[in-house]
Amino acid sequence: MCRFFVLLFFASTVFAFSTYPDDEVSKKYEEAIISIGDKVAMELVGTLKKELKRALSKGGPVGAVLVCSERAQELTEQVSRSTGNGIDVKRTTFRYRNRKNAPDRYEALALGYFEDLIKRGKDLPPYLIQKVNLEGQVYYRYYKPIRVESFCLLCHGNPESMQRELLEKLRELYPEDRATGYSEGDFRGLVRVSIPESVLLSK
Ligand code: HEC
């Protein structure tokens, strides 16, 4: 596996810092982190897409917005719960529609890493692994980039070309919406899978 993509972020507070050398992550855990991270990230993306497509065909775009706003958080929690072992999944981005998807400081570092590559015209890695220590517990975070596809533009594209009724509904539900103005292929954010070290120790 390409070691370049394993990044450790060192933070300066007692609250959260990384203590192990870089090497230890990749050798001991990298394969397991990727395998768990990929599986859980795909499950979340698959679950949300399936629900979205079902909602679109049943209730049209406006109905689908309602379903998304009511179900996205719940389905995300459901995927975490069904995975078990303290593994937790989330979608995060700087340009969020729902504030609940706003990044914490480590997610912000990961998003910053990807956005910096984009700014410099570099290709994005397929994933990023980050090690964090939260209140004495070590977690590995697996991040996978999310790209905008053409059908996403219905609700995340240029507001001027969006259906009026849909835009009104979005503005009503999310007055501080930051998640419009995307084009197909854009980097939209990250799926973040957090894996407690204890899960990896038992492997
Ligand atoms: C029918 C409208 C609709 C479509 C189509 C749609 N989304 Fe969304 N999207 C939403 C809504 C509504 C939310 C807010 C969900 C919530 O409240 O958690 C959202 C939230 C998100 C989030 C979470 C971060 C945030 O902004 O809060 C991501 C990531 C995302 N969408 C990506 C996509 C991608 C990628 C596609 C295409 C594969 C897509 N969306 C298609 C309506 C849509």
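Reply: Begin with what covers the helix: strand 1 (88-92), strand 2 (128-134), strand 3 and strand 4 (187-196) are among the elements covering the buried residues of helix 2. Helices (H or I, at least four residues) and strands (E, at least two) are DSSP runs, numbered from the N terminus. This is a predicted model, in which local features need pLDDT of at least 70 and side-chain atom pairs pLDDT 80 or more, while totals for chains, interfaces and linings use all residues. Residues are numbered from 1 along each chain as its sequence is written, and side-chain values use heavy atoms, without hydrogens and water.

Me: Which residues of helix 2 are buried?

Reply: Buried means under 20% relative accessible area, exposed over 50%, partly exposed in between (1.4 Å probe, protein chains only). In helix 2, Tyr 106, Glu 107, Ala 110, Leu 111, Tyr 113, Phe 114 and Leu 117 are buried. Seen down the axis, the buried residues fall within an arc of 150°, so they line one face of helix 2. The arc is taken from the directions from the helix axis to the C-beta atoms.

Me: What caps the N-terminal end of helix 2?

Reply: Asp 104 does, with a side-chain oxygen 3.0 Å from the backbone nitrogen of Tyr 106. Just after helix 2, Gly 121 takes a positive phi of about 70°.

Me: Is Arg 141 buried or exposed?

Reply: Arg 141, in strand 3 (residues 137-147), is buried, with a relative accessible area of 4%.

Notes. Contact means heavy atoms within 4.5 Å. A polar contact is a pair of N or O atoms within 3.5 Å; within protein, one must be able to donate a hydrogen and the other to accept it, and residues adjacent in sequence count only if both atoms are side-chain atoms.
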